[in-house]
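Work through the exercises below with the sequence and the coordinates open. Each task is followed by a solution in steps.

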Amino acid sequence: MDIDVRGPRFGAIVTTVVLAVVLVAGSPWLLAWQTLAFALGAAGGVGRSPYGWVFRRVVRPRIGPPTEFESPEPPRFAQAVGLAFAALGLVGFALGLDWLGLAATGAALAAAFLNAAFGYCLGCELYLLVRRMAVRAE
């Protein structure tokens, strides 16, 4: 079943803010929260993430029904990519390698910002690229 395109973009906006605060405050605890949000989105789809829940319950009723839909697989893959970078950031902070924590968080922030500001989902594009390569390999 296709999803409202505004949901993942809303999640990207919240994620951008959260990751920016992580970089400014240097908060591994806030990064742990974002890692959990990514994990829930990767495991159950963007609608199962905390930001997807807020979008469905609070935002969408106020902005009206969707007019555009998209397949849930690319945003779900993007959540998994975000999870990998956030987890790497957590490992960096846990090992005292702040440069790794900041770099991985910065990479996740850059991808989230592209989606939030321009509607360009880097993880979704990566999903489509991987899928095309898999089809060609068959």
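Axes are lines fitted to C-alpha atoms, for helices over the stretch in contact, and angles run from 0 to 180 degrees between N-to-C directions. Helices (H or I, at least four residues) and strands (E, at least two) are DSSP runs, numbered from the N terminus. The model is predicted: local features need pLDDT of at least 70, side-chain atom pairs count only at pLDDT 80 or more, and totals for chains, interfaces and linings use all residues. Residues are numbered from 1 along each chain as its sequence is written, and side-chain values use heavy atoms, with hydrogens and water left out.

**Exercise 1.** Describe the packing of α2 and α4.

Step 1. The angle between α2 and α4 is about 150 degrees, and their axes are 8 Å apart. Therefore α2 is roughly antiparallel to α4 (angles under 35 degrees count as roughly parallel, over 145 as roughly antiparallel, 65 to 115 as roughly perpendicular and the rest as oblique).

Step 2. The crossing of α2 past α4 is left-handed (the near helix is turned anticlockwise from the far one by less than a right angle; clockwise would be right-handed).

Step 3. Contact (heavy atoms within 4.5 Å) involves, among others, Leu-31, Phe-38 and Ala-42 of α2 and Gln-79, Leu-83 and Phe-93 of α4. By class this contact has 14 nonpolar, 6 polar and 1 charged residues (Ala, Val, Leu, Ile, Met, Phe, Trp, Tyr, Cys and Pro count as nonpolar, Asp, Glu, Lys and Arg as charged, and the others, Gly among them, as polar).

**Exercise 2.** Characterise the largest pocket.

Step 1. Its volume is about 920 Å³. On a 1 Å grid over the protein atoms alone, a pocket is an open set of points where a 1.4 Å probe fits, with protein on both sides within 12 Å along at least five of seven lines; lining residues have an atom within 4 Å of a point. Grid points are joined across faces, edges and corners, and a volume is the space filled by probe spheres set on the points.

Step 2. Of the 44 lining residues, Pro-8, Val-46, Pro-75, Arg-76 and Gln-79 are the closest to the centre. The largest share, 8 residues, comes from α4.
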